[in-house]
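Subject: Structure handover and notes

Dear colleague,

Here is the structure I promised to pass on to you. My notes on it follow below, arranged by topic so that you can read them beside the coordinates.

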Amino acid sequence: MDCCIVSALWCFLPLYLLLHFLCFFFADADFTLLWASLLGHKPERKLKGLVAWVTGASSGIGEELAYQLAKCGSRLILSARREDELHRVKRRCLECSDLQDEDILVLPLDLLERASHEEKTKAAIQYFGHIDILINNGGRSQRSLCVETSIDVYQALMELNFLGTVSITKQVLPHMTQQGTGSIVTVSSVGGIAGAPLATGYNASKHALQGFFNSLRTELTDFPNILVSTVCPGPVQSQIVHNAFTEELNRPVATVGSQEHKMPTSRCVRLMLVGIANGVKEMWIAQQPFLVYYYAWQYTPTFAWFITNLLGRKRVQNFKAGLVGI
């Protein structure tokens with residue numbers, strides 16, 4: 001009898017491993033997030049009626065977050081610098097959902113103007129009475145070589161991507177600890193986990209966010225109903241590429257490469273909402289072969305360094321030859 005059980009297990013093991021390999025081959029997120037998408041809470045039920053504050057809501061991932069949250073029935077606070085674009089996003093939210101005009105607050109916000117963040121937070125809380133979800137999505141990318149990049153660009157990236165995000169979080173956090181519940185979700189990047197060429201300042205700002213929120217999570221163990229989650233997307237179709245920093249602060253990106261190979265924004269945002277609804281603390285979201293890159297850095301860093309150096313050298317060569325968009 002025991003021999004039969006052992007034989008059955010040995011037969012089952014290859015099938016089990018094959019199944020996982022096939023799942024990973026076609027995966028576009030880490031296994032925890034994919035399991036949550038199959039068997040976990042649905043955002044349409046979990047997020048309905050909650051108040052979500054989205055920064056960087058005028059385009060890209062932030063804009064798509066607004067639309068999908070609206071369809072889930074979440075009430076919205078939409079923030080970015082461009083107020084006219086926020087009103088455009090609000091109109092589309094109302095068209096694609098059952099929300100009413102009073103369910104969406106347009107709240108212009110500049111992450112660099114940290115002195116205004118307390119006032120903006122008070123205005124948001126006064127309007128809805130509370131904030132359930134803060135999604136830190138605002139920021140800018142970079143495309144330039146370190147040796148050619150002004151130190152002012154590095155300062156601007158840290159001021160915007162890191163300190164601006166920390167400032168808003170510090171304003172909202174006391175409110176969430178007082179109410180005992182809430183979700184603080186921050187859009188980081190694969191660049192927050194691993195290094196990559198042409199984005200030294202951007203990756204540094206994302207590494208800083210990872211360190212900050214991983215540490216903050218440990219400080220909030222007395223508040224088990226407050227979720228601190230970081231989202232690490234790979235390449236996603238987004239307008240962020242058009243506004244990337246280059247060697248100098250006011251120098252625009254010369255060419256923007258094709259985005260057809262990147263993950264659709266709608267899929268990325270859907271997985272984000274699944275993660276929020278199910279309390280996932282860190283989300284890896286990327287299509288293959290980018291997803292395997294996350295796992296390589298996590299479990300085989302020496303091999304990951306080899307691959308990074310190999311591909312990075314080629315990318316730098318192409319960039320110097322003027323062949324690399326974003």
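At what angle do helix H6 and helix H7 pack, and how far apart are their axes? Please bear in mind throughout that this is a predicted model. In it, H6 (residues 117-128) and H7 (residues 151-179) pack at an angle of about 45 degrees, and their axes are 10 Å apart. Angles under 35 degrees count as roughly parallel and those of 65 to 115 as roughly perpendicular, and H6 and H7 are therefore oblique to each other. The crossing in which H6 passes H7 is right-handed. On the H6 side the contact is made by His117, Glu118, Thr121 and Ile125, which meet Gly164, Ser167, Ile168, Gln171, Val172 and His175 in H7.

**H7 and H8**

H7 also packs with helix H8 (200-219), and here the axes come within 8 Å and cross at roughly 20 degrees. That makes H7 roughly parallel to H8, and H7 passes H8 in a right-handed crossing. The H7 residues in this contact are Tyr154, Leu157, Met158, Asn161, Phe162, Thr165, Val166, Thr169 and Leu173, while H8 contributes Thr200, Gly201, Tyr202, Ala204, Ser205, Ala208, Leu209, Phe212, Phe213 and Leu216. The residues of the contact of H7 with H8 divide into 13 nonpolar and six polar, with no charged residue among them.

**The sheet**

Turning to the strands, there is an open sheet of seven, paired in parallel, whose order is S3-S2-S1-S4-S5-S6-S7. Strand S3 (104-106) and strand S7 (282-285) stand at the edges with a single partner strand each, so one side of each has no neighbour in the sheet. From one strand to the next, the twist averages 15 degrees.

Some of the pairings can be followed residue by residue. S2 and S3 pair in the parallel sense over three bridges, and leucine 76 has isoleucine 104 in S3 as its bridge partner. Helix H5 (residues 83-95) packs on the sheet and touches S2 and S3, its direction making about 170 degrees with that of S3. Helix H9 (residues 265-277) packs on the sheet as well, where it touches strand S4 (133-136), strand S5 (182-187), strand S6 (226-233) and S7, and its direction makes about 160 degrees with that of S7.

Strand S1 (residues 51-55) and S2 run parallel and are joined by five bridges, and the partner of tryptophan 53 in S2 is isoleucine 77. Strand S2 itself (residues 75-79) is mostly covered, four of its five residues being buried.

S5 and S6 pair in the parallel sense over six bridges, with threonine 186 standing opposite threonine 230 in S6. For S6, the count of buried residues is eight of eight. In a regular strand the side chains alternate between the two faces of the sheet. In S6, Ile226, Val228, Thr230 and Cys232 point one way, and Leu227, Ser229, Val231 and Pro233 point the other way, and all of these are buried.

**Loop residues to look at**

Most residues other than glycine have a negative phi, and most peptide bonds are trans. Leucine 198, in the loop between S5 and H8, has a phi near 75 degrees, which is a positive value in a residue other than glycine. Its relative accessible area is 4%, so leucine 198 is buried, the cut-off being under 20%.

The peptide bond that joins glutamine 288 and proline 289 is cis, with omega about 10 degrees, and proline 289 lies in the loop between S7 and helix H10 (290-299).

Serine 238 lies in the loop between S6 and H9. With a relative accessibility of 12%, serine 238 counts as buried. If its neighbours within four places in sequence are left aside, serine 238 is in contact with Gly60, Ile61, Gln259 and Thr265.

With best regards

Definitions and conventions: Residues numbered from 1 in each chain as written. Predicted model: local features only at pLDDT ≥ 70, side-chain atom pairs only at ≥ 80, totals over all residues. Heavy atoms only, no water. Axes fitted to C-alpha atoms, helices over the stretch in contact; angles between N-to-C directions. Helix = DSSP H or I, 4+ residues; strand = E, 2+ residues; numbered from the N terminus. Parallel < 35°, antiparallel > 145°, perpendicular 65-115°, else oblique. Left-handed = near helix turned anticlockwise from the far one by under 90°. Contact = heavy atoms within 4.5 Å. Buried < 20%, exposed > 50% of the residue type's maximum accessible area, 1.4 Å probe, protein only. Pairing = 2+ DSSP bridges. Nonpolar A, V, L, I, M, F, W, Y, C, P; charged D, E, K, R; others polar.
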